[in-house]
Amino acid sequence: MTDQAVRPGPAIALRSPALRLIGNRLATAIPVLFGVTFLTFAVIQLLPGDAAQQLLGINATQEQVQEFRDKLNLDDPFLVRYFHWLGDVLTGNLGNSLASDQPVTSILSDGLPTTFQLLAYALFISLVLTVPLALLAARNPGGFVDRVGMVTSMAGLSVANYVLAVVLVYVFAVQLGWLPAIYTNDTGTPGELIKSLTLPAIAIGFPLFCFYTRLLRADILEQMQGEDYVVTAKAKGVGPWRVLIRHALPNSLFGLLTIVALNIGTLIGATVIIEQIFAVPGIGHSLLEAINNRDVPVVEGIVLVLAVVVVIANLLADVLYAVLDPRIRYGRSAP
Amino acid sequence: MGAQLPEGEAGGVAATLAVAPTVAEPAARRRGWTRNLDLIIPGALVGLLLFLCFVWPLFGTVPPPTGGNILDANAPSFSEGHFLGADQVGNDLWSRLLYGGRNSLEIAFAVNVIGLVVGGLLGAFAAFWGSFVDTVTMRILDVLIAFPSLVLALAIAQSLGPSKLHTIYALCFFSVPAFARLARAQTLRLRERPFMLAAGLAGTRAPRILLRHVAPNILPALVTFALLGVGVTIILEGALSFLGLGVPPPEPSWGNMIFEGQAVMSAEPKLVLLPSAFLFVTVLAFNLLGDALRARGNAS
Amino acid sequence: MSGGAPADVRVEVGAPPATGPLLEVGDLRVDFRHGGRTIRAVNGLSYALSVGRTLALIGESGSGKTVSSRAIMGLLPPSATVSGSVRFEGEELLGLSDKAMRRRRGADIAMVFQDPSRSLNPTMRIGAQIAEAVRVHARVDRAAARDRALELLKLVRLPSPEQRLHEYAHQLSGGMRQRVVIAIALASKPRLLIADEATTALDVTTQAQIMELLRDLQRQLGMALVMISHDLGLAASFADEVVVMYAGRAVEQAPTRELFAHVRMPYTKALLDAIPRVERPPHTPLPVVAGRPPDLAALPAGCPFAPRCPNAQDMCRETAPPLEEGSPGHRWACWYPCEDAA
């Protein structure tokens with residue numbers, strides 16, 4: 001079939017602009033991570049309020065509070081504490097919670113998997129529905145499906161996800177009883193996990209889906225109406241669906257991917273709220289608690305992880321772009 | 001090919017909505033003013049909302065939103081003295097909706113105006129000066145965007161104590177970087193245009209170029225972004241209030257009304273549904289308005 | 001292999017084939033709705049083309065030449081209204097459903113476009129794009145399609161064709177890309193090829209190569225060719241018949257030799273004069289037609305060229321001259337045509 005021997009091999013890929021791009025991005029990612037953690041530290045430290053006081057409660061005496069502070073070096077200058085923390089991190093030690101003395105890493109490993117499951121579920125819901133709907137809308141711009149789709153998607157993305165969550169709980173949990181209102185995963189079976197995460201995932205995923213559909217549709221239409229290669233394809237006699245799916249769609253997906261990656265930060269923010277409403281034991285929950293307690297190590301640990309996720313997501317988007325876009329993957333070969 | 005996003009555009013619904021690719025929408029078949037319906041309807045809706053929240057309480061007979069009589073608790077709609085009924089502690093619901101809207105809108109406007117001015121200036125300056133200043137600013141913006149700003153917002157709100165002003169501070173951490181990104185991208189695009197080169201060659205000094213050439217050209221995109229941002233900000237403010245860190249009770253805000261109403265949703269659904277509806281309609285109106293302006297901006 | 005010296009490229013004007021013309025365009029009109037206005041892009045265009053012959057459609061941008069060819073293919077946007085008649089092999093094409101047109105696109109009539117850097121899909125391999133053209137009209141498997149693609153690349157004289165099959169558009173130079181576009185157009189053996197400014201985006205040397213390739217392919221495959229261009233010089237070298245368009249209508253039509261020997265319409269004369277000639281003394285200003293093409297949404301009564309015409313009289317501004325056959329095979333639309341040099 002296709003002549004494999006003639007394909008550009010991995011050797012060319014290594015010299016390719018793609019890898020240079022990745023290296024470039026990695027290099028800029030490191031200072032960003034530094035910046036983020038430093039900023040978090042600074043903010044938590046500089047804001048009024050006292051961790052020790054908070055944690056020990058109103059009735060603690062001055063000595064108790066002071067003892068607490070000494071034990072945890074809370075009186076050291078801010079920069080010293082930051083670099084201490086940084087040093088620890090680089091050796092893999094994220095410290096312990098001020099409140100519970102539980103190692104931060106264990107708090108993370110308890111909550112992260114659940115949060116990621118929720119995020120993945122929400123992204124899946126939104127993306128799986130986006131492509132077919134955008135295609136249907138783009139098939140007949142201005143037609144019935146398109147108009148209805150645009151109206152509902154505009155409405156959908158104007159709904160706050162926490163409002164949707166409340167309404168979903170009311171309809172599906174309280175009235176219909178189909179799905180649980182609170183995360184209940186006692187048995188740990190995949191079935192129960194999915195049931196527990198469904199309403200939260202819809203709450204997050206639905207406004208996203210509306211947003212992505214509009215974007216993808218606009219992008220596809222831009223390709224279909226503005227690009228010459230589409231006319232070439234039509235002039236060959238290619239049918240409209242094939243032109244949409246085989247020609248316009250692959251070129252549009254790039255734009256969508258970039259935006260999905262850029263939006264990860266917002267997505268995480270949404271997760272924090274939703275986890276609170278549904279009592280999902282993810283890190284959003286732990287984060288809120290830690291912020292309330294001014295539990296610096298936990299906040300720092302979680303922020304670090306979240307920042308890393310955002311940076312990696314952006315990096316992945318760039319990488320995917322580089323790998324999938326043939327113009328970057330293969331440079332110009334000699335004519 | 002693909003959406004030509006300005007490099008590294010800010011995440012967030014508003015950011016990407018504002019720079020969504022231009023599409024030749026099916027030509028409007030109507031003539032005259034009916035062709036501008038997509039602008040008029042949301043515009044009128046926004047006008048109505050602003051009127052209700054800011055103007056009406058000054059003249060109309062609206063009872064105060066707090067300090068209600070406990071004997072009036074859970075009064076049904078259209079009962080005496082309470083147009084839409086009362087909440088669990090006797091506060092007039094209609095009043096709380098209006099005053100809550102005022103709070104939410106004030107916060108949203110403040111955040112977006114500050115974002116536009118501060119962020120816009122920052123971004124435009126950075127792009128204009130280029131090289132070192134630009135790179136440094138970009139890195140800082142990168143940090144702020146990678147930073148889960150929600151954390152910051154929560155931390156600020158938590159430690160300073162929940163209040164309207166503190167909510168505004170907290171939310172500015174979202175808006176300023178987003179506007180700065182947009183302004184920077186727009187200014188960069190502008191720099192390449194011949195009239196900019198011409199202005200520079202003619203010896204026009206920098207501040208003048210910024211004022212007379214850059215500002216008027218990037219302002220439309222920024223304003224559209226701000227309109228879309230109002231919707232986003234109201235939702236965020238609602239989220240903060242929902243978590244107890246926004247506008248503090250008993251002051252109403254749509255967010256905290258929804259939160260409080262949750263508990264009695266089975267018995268009194270309107271306590272959740274009414275503020276939710278107002279929230280929805282407001283955000284929708286601003287989104288539609290921003291969208292209509294964006295379509296016009298792109299067409300030109 | 002590569003074209004030798006052009007030599008005598010004017011195909012003899014022979015008798016038309018007995019079966020009648022391959023393509024007959026009759027009073028073609030195309031309107032666009034834009035904003036609230038109606039733009040008449042093509043205003044009564046008529047011509048006929050026989051098997052194996054080449055017709056050049058010459059005009060400035062906005063003259064309607066591209067729109068008319070897209071109308072033939074049925075590739076205009078929904079905002080366009082087409083009327084008149086386009087008969088291919090005796091069958092009326094206007095009014096056919098899109099599905100019916102699709103069967104003909106590529107298989108009967110094919111098109112080559114102007115900008116090869118944009119008319120190829122950037123994310124699809126060359127081989128796949130050609131194979132797609134093959135498989136749209138023939139039930140063959142992938143291997144057979146691939147073989148045919150290779151065959152086509154050789155036909156258009158693309159160097160290293162096996163390698164090119166796996167490459168992407170951006171990896172090829174402009175001239176090579178245009179050859180690929182031609183290969184795609186020829187995939188299903190069309191009987192009519194429309195080359196819409198096929199060489200405009202290329203440099204002069206490549207232009208010559210591609211034109212010669214087209215001419216050779218035409219002879220080889222017995223195709224009719226409509227070449228659309230703004231370059232009258234190109235028409236002189238390669239076309240059997242020339243139709244000059246202005247503001248959406250034909251203003252002069254004649255077999256090539258006849259046109260150049262006895263040009264009548266002042267517009268055509270101006271185009272001719274604008275061709276740079278080696279014989280002219282250096283630094284002679286190039287005679288350029290003053291003014292701009294008319295606004296198609298507000299065409300003046302009378303001859304559309306009148307505002308720019310050196311021969312214009314009052315009659316020209318009042319009434320539009322009809323396109324009439326003044327001498328055998330030669331039609332023009334002018335009240336005061338140019339006289340032959342005595």
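Colleague: Let's begin with chain C: what is the strand order in the open sheet of four strands?
Modeller: Keep in mind that this is a predicted model. The order in that sheet of chain C is E2-E1-E4-E5, and the pairing is antiparallel.

Colleague: Which strands stand at the edges there?
Modeller: Strand E2 (37-49) and strand E5 (91-92) of chain C do. Each has a single partner strand, so one side of each is left without a neighbour in the sheet.

Colleague: How many bridges join E4(C) to E5(C)?
Modeller: Two, with strand E4 (residues 80-88) of chain C running antiparallel to E5(C). If you want a landmark, look for Phe88(C), which stands opposite Glu91(C) in E5(C).

Colleague: And the sheet of eight strands, what's its order?
Modeller: Reading across chain C, the open sheet goes E6-E7-E8-E3-E9-E10-E12-E11, with mixed pairing. From one strand to the next, the twist averages 25 degrees. The edges are strand E6 (109-112) and strand E11 (324-327) of chain C, each with a single partner strand, so one side of each has no neighbour in the sheet.

Colleague: In which sense do E7(C) and E8(C) pair, parallel or antiparallel?
Modeller: Parallel: strand E7 (residues 192-196) and strand E8 (residues 224-229) of chain C pair over five bridges. Leu193(C) has Leu225(C) in E8(C) as its bridge partner.

Colleague: What about E9(C) and E10(C), over how many bridges do they pair?
Modeller: Six, in the antiparallel sense, with strand E9 covering residues 241-246 of chain C. Val243(C) finds its bridge partner, Gln253(C), in E10(C). The two strands form a hairpin with two residues between them, where Ala247(C) takes a positive phi near 50 degrees.

Colleague: Which residue of E12(C) is the bridge partner of Gln253(C)?
Modeller: Arg331(C). E10(C) is joined by two bridges to strand E12 (residues 330-332) of chain C, and these run antiparallel.

Colleague: How many residues of E10(C) are buried?
Modeller: Six of the seven in strand E10 (residues 249-255) of chain C, so the strand is largely enclosed by the rest of the structure.

Colleague: Switching to helices, how many residues of H1(C) are buried?
Modeller: Nine of the nine in helix H1 (residues 65-73) of chain C, so H1(C) is also largely enclosed by the rest of the structure. Among them are Lys65(C) and Arg70(C), as well as Val67(C), Ile72(C) and Met73(C). Gly74(C) follows the helix, with a positive phi near 75 degrees.

Colleague: Over to chain A. What does its secondary structure come to?
Modeller: It has 15 helices and zero strands. Of the 335 residues in chain A, 42% count as buried.

Colleague: At roughly what angle do H13(A) and H14(A) cross?
Modeller: Roughly 145 degrees, and the axes of helix H13 (residues 283-293) and helix H14 (residues 296-324) of chain A come within 8 Å. The crossing is left-handed.

Colleague: Which residues meet there?
Modeller: From H13(A), Ile283(A), Ser286(A), Leu287(A), Ala290(A) and Ile291(A) meet Val298(A), Val299(A) and Ile302(A) of H14(A). These contact residues divide into seven nonpolar, one polar and no charged.

How values were computed. Residues numbered from 1 in each chain as written. Chains lettered and ligands numbered in written order. Predicted model: local features only at pLDDT ≥ 70, side-chain atom pairs only at ≥ 80, totals over all residues. Axes fitted to C-alpha atoms, helices over the stretch in contact; angles between N-to-C directions. Left-handed = near helix turned anticlockwise from the far one by under 90°. Contact = placed C-beta atoms within 7 Å. Nonpolar A, V, L, I, M, F, W, Y, C, P; charged D, E, K, R; others polar. Pairing = 2+ DSSP bridges. Buried ≥ 20, exposed ≤ 12 C-beta atoms within 10 Å, placed from the backbone.
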